[in-house]
Amino acid sequence: MSFSRSKMIRPTIRRMQGYVPGEQPQDKRYIKLNSNENPYPPSPRVVEALQQAISGDLRLYPDPVANRLRDKAAEVYGFTREQILVGNGSDDLLTMLMRTCIGPGDRVAYPVPTYSLYDELVTMQDGQIVHVPFPQDFSLPPQLGEVEAKLTILCHPNAPSGTMPSLAQVDKLAQHVRGILVIDEAYIDFAEETALPLIHKYPHVVILRTFSKSFSLAGMRVGLAFGHPEFMRQLLKVKDSYNVSRLSIVAATAALEDYAWMQQNVAKIRATRTRLTAALRAFGYVVYDSHTNFVLARQPGVNQQLMYNSIKDQGVLVRYFSSPDLADCLRISVGSDEEIDALLTAVQHLRQTAPTQHGTAHA
Ligand SMILES: Cc1ncc(COP(=O)(O)O)c(C=O)c1O
């Protein structure tokens, strides 16, 4: 039986490709610079807390709303428990937002290129995707606030460009947007200025955070949403009953208890980011000023698939996007200094063996 043509499957789902995450190869060990994971381990306090929790009562369900973590996050970020919701990664919180707000034909607007999961989630709801293209320099498109959308999403800083507008610009956007403004701050700890204060000003703003990047906990799957208590109560209705495991709650709470550990790792990653950016620019790449733990390197008009393959052959994985607007780019996660040295050696290798395309600097 062909389920791909079966009427049992909703037409929308039949037509969908499904989100394609970055490769997570199991065959051999690569230097992984393709999923924006943190090269440094989580705090030893996280590991200690997990070890204790493992010998605890795993046969019991977790707290469905993860109040221990909500209370810790409320204390750290200066909110109340009721303004915070916990998700199985911030992807889970994005799904809850879509389920809550988007029905057939409802518009969801965001600047592109951005995190491509947004497209899949809108499609699943039979919603209407409204792409508002970024200008060349990835500044905030002024039309974004004019779209009559139920949800407007701002990836802040943006993936895959790593760029971000000023807080004043985001505040202005919040004033213009009619529906809910979702600000996805997955990478904000690597930037300078969070939009969290806007939660105190605007009831229609929701901010998403994750433990996957700065806190080195991608494997635990925990995210936070901040917003108006009444809106949070609506989101709670569509949550999977026990969406966050006992161990994940323990790990994220312990990570917040050792905030300084995260900040130390972020400082190291920022220093390596500066060095990586300079080295890629010296190779002739256009590299956008990054406020994240990755950089987007562009060689205008030169498809980067060959470079991607060559780097992979040398044991380093980066992210190549085949879509026409990004095919001349590579997105490279900021690894440890040793990992970045290996990446730069791998890039240099192709420049030396195929200098005509990959060795010349472009204006
Ligand atoms: C912009 C953006 N938002 C959200 C996520 C999802 O993060 P999580 O691991 O918390 O689901 C990612 C993951 O790469 C991301 O890049």
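This is a predicted model: local features need pLDDT of at least 70, side-chain atom pairs count only at pLDDT 80 or more; totals for chains, interfaces and linings use all residues.

Me: Is Asn 158 buried or exposed, and with which side chain does Asn 158 make a polar contact?
Reply: Asn 158 is likewise placed in the loop between β5 (151–155) and α6 (167–176). Its relative accessibility is 2%, and buried means under 20%, so Asn 158 counts as buried. The side chain of Asn 158 takes part in a polar contact of 3.0 Å, and the partner is the side chain of Ser 161.

Me: Where is Pro 113 found, and what is the omega of the cis peptide bond that joins Val 112 and Pro 113?
Reply: Pro 113 is found in the loop that lies between β3 (107–112) and α5 (117–124). The bond that joins Val 112 and Pro 113 is a cis peptide bond, and its omega is about 0 degrees.

Me: Which residues surround the ligand, and how does this shell divide into nonpolar, polar and charged residues?
Reply: The residues that surround the ligand include Gly 89, Ser 90, Asp 91, Tyr 115 and Cys 155, and among them are also Asp 184, Lys 213 and Arg 221. When the residues of the shell are sorted by kind, they divide into four nonpolar, four polar and four charged.

Me: What distances separate oxygen atoms of the ligand from polar side-chain atoms of Tyr 187, Thr 210 and Arg 221, and how much of the ligand does the protein bury?
Reply: A polar atom in the side chain of Tyr 187 lies 2.8 Å from a ligand oxygen, while for an N or O atom in the side chain of Thr 210 the distance to an oxygen of the ligand is 2.5 Å. For Arg 221, a polar side-chain atom is 2.7 Å from an oxygen atom of the ligand. Taken alone, the ligand exposes 390 Å², and the share of that area which the protein buries is 91%.

Me: In which pocket does the ligand sit?
Reply: The pocket in which the ligand sits is the largest pocket.

Me: What is the phi of Asn 36, and what is the phi of Ala 66?
Reply: Asn 36 lies in the loop between β1 (31–32) and α2 (44–54), where it is buried with a relative accessible area of 1%. Ala 66 is found in the loop between α2 and α3 (67–77), and at 2% relative accessibility Ala 66 counts as buried. Neither residue is a glycine, yet each has a positive phi: for Asn 36 the value is about 55 degrees, and for Ala 66 it is near 50 degrees.

Me: Why does Lys 7 count as exposed, and how far is its C-alpha atom from that of Arg 45?
Reply: Lys 7 has its place in the segment before α1 (11–15). Exposed means over 50% relative accessible area, and Lys 7 is exposed because its value is 79%. Lys 7 and Arg 45 are 38 residues apart along the chain, and the separation of their C-alpha atoms is 51 Å.

Definitions and conventions: Residues are numbered from 1 along each chain as its sequence is written. Side-chain values use heavy atoms; hydrogens and water are left out. A residue is near a molecule or strand if one of its heavy atoms lies within 4 Å of it. A polar contact is a pair of N or O atoms within 3.5 Å; within protein, one must be able to donate a hydrogen and the other to accept it, and residues adjacent in sequence count only if both atoms are side-chain atoms. Accessible areas come from the Shrake-Rupley method with a 1.4 Å probe; for residues, only the protein chains shown count as cover. On a 1 Å grid over the protein atoms alone, a cavity is a set of points where a 1.4 Å probe fits but cannot get out, and a pocket is an open set with protein on both sides within 12 Å along at least five of seven lines; lining residues have an atom within 4 Å of a point. A molecule sits in a cavity or pocket if more than half of its atoms lie within 2 Å of its grid points. Ala, Val, Leu, Ile, Met, Phe, Trp, Tyr, Cys and Pro count as nonpolar, Asp, Glu, Lys and Arg as charged, and the others, Gly among them, as polar. Helices (H or I, at least four residues) and strands (E, at least two) are DSSP runs, numbered from the N terminus. Buried means under 20% relative accessible area, exposed over 50%, partly exposed in between (1.4 Å probe, protein chains only).
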